[in-house]
Amino acid sequence: MVVRCSRLRRVVGCMVLLFVAIAAPAGAKAPDKPKLIVALVVDQFAADLFDRYRSTYTGGLKRLSGGIVYIDAYQSHAATETCPGHSTILTGRHPSATGIVGNVWRDRTTGKFLYCVAVPGADPQARGPENLRVDTLGTWLKASKPGARVVSVSGKDRAAIMLAGHHADAVYWWDDGKGFVTSSWAGTDGRAIAASAQAFHHTASATSHAAVSALWPTDVPAPCVALERPELFGAVSLSGHVPPAGFVMAPDGNAFDEHLRASPLFDRMTLDFAERLIESRHLGRGPATDLLAISLSATDYIGHTYGKGGPEMCTQIIALDRMLSTFFANLDALHVPYIVVLTADHGSSDAAERTARNGLPAGRIDARQLIGGLNAHLKQALRLEKPPIEGGDPQDLTISTGGNATLYALVRDEAIRWLREQPHVAEVLTRAEVAAAAPAAGTSPDLLTMAERFHESFDPDRSGDLFVVFDPHWSALVPRTPTSAVAGHGSPWDYDRLVPILFWWPGATTEIVSRPVDTVDIAPTLAAIAGVRTPLLAGTCLSEVANCKISIH
Ligand code: ZN
């Protein structure tokens, strides 16, 4: 095993790894053509979060830690959001190719904002993969062997659909008050889907009438109890206890659903539903390699609601470890060869106040005020009647000058000059700079420049004109009301880009790999294991996991 320590912050970990490298010989590769591939995505499972609670794992995360563990893995693009992140995992391509440049983007031909899994021209509530410009592992599996089944489930529509791709057999996501639902485009046998979803809906309804404390474990782990303290993040006051004090209020309607999504129970329900799908679809028992994609959303909702440094996230990660233990035990009981990969769609940052208390230079920037100030300045300086900047996300701003190219250049240059004078603005990139910043083939994700990171989530039809980078740990999120989100992700900094990538299969031996890898490497690796052809991808097959030559036949 090669251990490369490219960065100072890895040095201590690397010394430990060198010992492991010497002690543990490289293990056997994953089994060729397993009966089932399980692709698990834990939404917002930042690499540092996986590391922080590693010593507490006794269940599913401990099992996965005993396989091939990539400790320097990236969602390498700048737009570190859920839809782009999920779009890289089973396509082997960056968002610049998948076309999924954000959860929402402004279509430059129509000027309208579009949700990533909205169906253009259809009912606004319709959901589908139409905006995804490439194929996924599921398509390659089915093209190779028509008997292969592809099933995807998540707490979020965008996560389930991005993992499923264009030709899945069944796709489900959670819909508040309804349970796990699907959309007509996604299924080949609607009746079975409807029956299955309805059965689960009853379970979910029963849950919603149960005691609210059932959302959280009653036995809060000791490391989490030690983190308990009240917090004030902007206008949000948190009890800092588990279960959070908000849950003593009577649950009603959407409020209950919001509490449910931001609780460990939400992931357990998703995993329970996935187990039903394994059973009802006979996954792993067909003639070919089946794919089950599962995206677990609770970690993300908990991160946004409570931040990642408190007892709530601690309890969630330890609960996740336990529930994955049960899930894997049920996979074992199938008695078929299977392989599991676990990763995340992006990392995260904690609430800025807690980050600052922990000694990092952190704070909040009022993006609304910043863009308002920019527009006021531009109107005055260039004597304009209308504000020329559109968009609420400072990381992707659109200049609107009605096709006047001269005015466009004036607005762009003055906007850049003004923005660079503002506090905590680290960098401002133009559309032309980002479009031209294609990284050289083989560039390691840890070495990408800021412009290259933006290039990887840039699409000429769907991206804006100006890209603003704030100082690290400075969040453009301001909790204005008592129920606002307190923390998030989406920046091009490493804390939002670094994610775990773990491969495990029965018989796997531990290998800790520190060379930088990318989530786009997952799909070619799984394709090699399944022995299926892929189109030309951005990712490369991971040789610690697969016999990579297989992908070339
Ligand atoms: Zn996410």
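Predicted model: local features only at pLDDT ≥ 70, side-chain atom pairs only at ≥ 80, totals over all residues.
A salt bridge, as meant in these legends, is a side-chain nitrogen of Lys or Arg within 4 Å of a carboxyl oxygen of Asp or Glu.

**View A. Arg515 and Glu544 join in a salt bridge.** Here the closest N and O atoms are 2.9 Å apart. The pair links distant parts of the chain, 29 residues apart: Arg515 sits in the loop between strand 19 (511-513) and strand 20 (517-518), and Glu544 in the segment after helix 20 (522-530). Arg515 is partly exposed, with a relative accessible area of 29%, whereas Glu544 counts as buried at 11%.

**View B. Arg354 and Asp350 form a buried salt bridge.** Their closest N and O atoms lie 2.7 Å apart, and both residues are buried.

**View C. Glu421 and Arg417 pair up within helix 16.** Take a look along helix 16 (residues 405-421): the two residues are 4 apart, about one turn of the helix. Glu421 counts as exposed, at 54% relative accessibility, while Arg417 is partly exposed at 39%.

**View D. Helix 12 packs against helix 13.** The axes of helix 12 (residues 298-306) and helix 13 (residues 311-332) are 9 Å apart, at an angle of about 170 degrees. Angles over 145 degrees count as roughly antiparallel, so that is how these two helices run relative to each other. Helix 12 contributes Ala298, Thr299, Ile302, Gly303 and Tyr306 to the contact, and helix 13 contributes Glu312, Met313, Gln316, Ile317 and Leu320. Of these contact residues, 6 are nonpolar, 3 polar and 1 charged.

Notes. Residues numbered from 1 in each chain as written. Heavy atoms only, no water. Axes fitted to C-alpha atoms, helices over the stretch in contact; angles between N-to-C directions. Parallel < 35°, antiparallel > 145°, perpendicular 65-115°, else oblique. Contact = heavy atoms within 4.5 Å. Nonpolar A, V, L, I, M, F, W, Y, C, P; charged D, E, K, R; others polar. Buried < 20%, exposed > 50% of the residue type's maximum accessible area, 1.4 Å probe, protein only.
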